[in-house]
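Please read them with the structure open.

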Amino acid sequence: MEWRDEGIILGTRKHGETSVILEVMTRAHGRHLGMVRGGRSRKAQPVLQAGNRVDITWRARLDEHMGMFQVEALELNAARLFESACAVYGLQTLAAHLRLLPERDPHPHLYEMLGLLIKHLDEVATAGELAVRFELVMLEELGFGLDLSECAATGCREELVYVSPKSGRAVSREAGLPWHDKLLPLPAFLIGEPDAHAELAAVEQAFRLTEFFFVRHVYEPRGLASPEARAGFLNALRKHRAAKPGQPGDSAA
């Protein structure tokens, strides 16, 4: 058995004296594990870092075997990402989300989004918005997607300011007013409202929205907790905005 694909490294763990088990998100073969012989060598270690984009050849005697990876670097992103706490926590959060998916289950759209995030995780002004949009797609891929296109009660597409915690559907201001204390706030930037910006307060609100549905549909049924790196990512966003005032969203922080 053999295939060749492009992938983004999520992590490694030691195997024996000189090898590693490599975990990658691939374009056509989903999240995949494989052994890299000599992966702990000085030559291989800079390549086998989380966030790097690589060309991978996988070989195994049978399809169900873990198999062996042969890896060549395409983009060495790790050094740039490791300089930013936001990027480090963000990458760890994305990897934790992807581990919720079955191994070897293709998700090409998530791979493309992961590649986009890798390019911008160290850009704090945009990293939060991109990460929460990744979480919305993750929920959809897991079968629990939110419907933010129209009001669940009236079918209108204007003034959508709430999300129903029961259905995961948007609710308009007028329809939701009698139950506003039981509904979840819907940040305007998530639905592309004119002049809506992903300010820090709105980004945090969006993360609370996605976390609610992750906990209800994914974490609690599987006996899992929300990734610690996710809280670290949000803290890194706050600290960066506090340290560098004048960036988009600081007025809301």
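1. The axes of helix α4 (residues 124-141) and helix α6 (residues 200-222) come within 10 Å and cross at roughly 20 degrees, and α4 and α6 are therefore roughly parallel to each other. Angles under 35 degrees count as roughly parallel, over 145 as roughly antiparallel, 65 to 115 as roughly perpendicular and the rest as oblique. The axes are lines fitted to C-alpha atoms, for helices over the stretch in contact, with angles running from 0 to 180 degrees between N-to-C directions. Helices (H or I, at least four residues) and strands (E, at least two) are DSSP runs, numbered from the N terminus.

2. This is a predicted model, in which local features need pLDDT of at least 70 and side-chain atom pairs count only at pLDDT 80 or more, while totals for chains, interfaces and linings use all residues. Residues are numbered from 1 along each chain as its sequence is written, and side-chain values use heavy atoms, with hydrogens and water left out.

3. Which residues bring α4 and α6 together? On the α4 side they are G128, E129, A131, V132, E135, L136, M138 and L139, and these meet V203, A206, F207, T210, F213 and F214 in α6, where contact means heavy atoms within 4.5 Å. By class, this contact has 10 nonpolar, 2 polar and 2 charged residues; Ala, Val, Leu, Ile, Met, Phe, Trp, Tyr, Cys and Pro count as nonpolar, Asp, Glu, Lys and Arg as charged, and the others, Gly among them, as polar.

4. Helix α6 also packs with helix α7 (residues 228-243), at an angle of about 175 degrees and with the axes 11 Å apart, which makes α6 roughly antiparallel to α7. From α6 the contact draws on L200, V203, E204, F207, T210 and E211, and from α7 on R230, F233, L234, L237, R238 and R241. The residues of this contact divide into 6 nonpolar, 1 polar and 5 charged.

5. On the cysteines, the count comes to 0 disulfides, a disulfide being a pair of cysteine sulfur atoms within 2.5 Å. C156 is in no disulfide, and the nearest cysteine sulfur, that of C151, is 4.7 Å away. C156 counts as partly exposed at 28% relative accessibility, whereas C86 is buried, with a relative accessible area of 3%; buried means under 20% relative accessible area, exposed over 50%, and partly exposed in between (1.4 Å probe, protein chains only).

6. Two backbone angles deserve a look. Most residues other than glycine have a negative phi. R104, in the loop between α2 (85-98) and α3 (108-120), has a positive phi near 70 degrees, and R104 is partly exposed at 26% relative accessibility. E159, in the loop between α4 and β6 (160-163), has a positive phi of about 50 degrees although it is not a glycine, and E159 is partly exposed, with a relative accessible area of 49%.

7. Leaving aside neighbours within four places in sequence, L186 is in contact with L148, L160, V161, Y162, V163, A170, I191, Q205 and L209. The C-alpha atoms of L186 and G38, which are 148 residues apart along the chain, are separated by 49 Å.

8. S19 lies in strand β2 (residues 19-26) and is buried, with a relative accessible area of 9%. Not counting residues up to four places away in sequence, S19 touches K14, M35, V36, R37, G38, G39 and R40.
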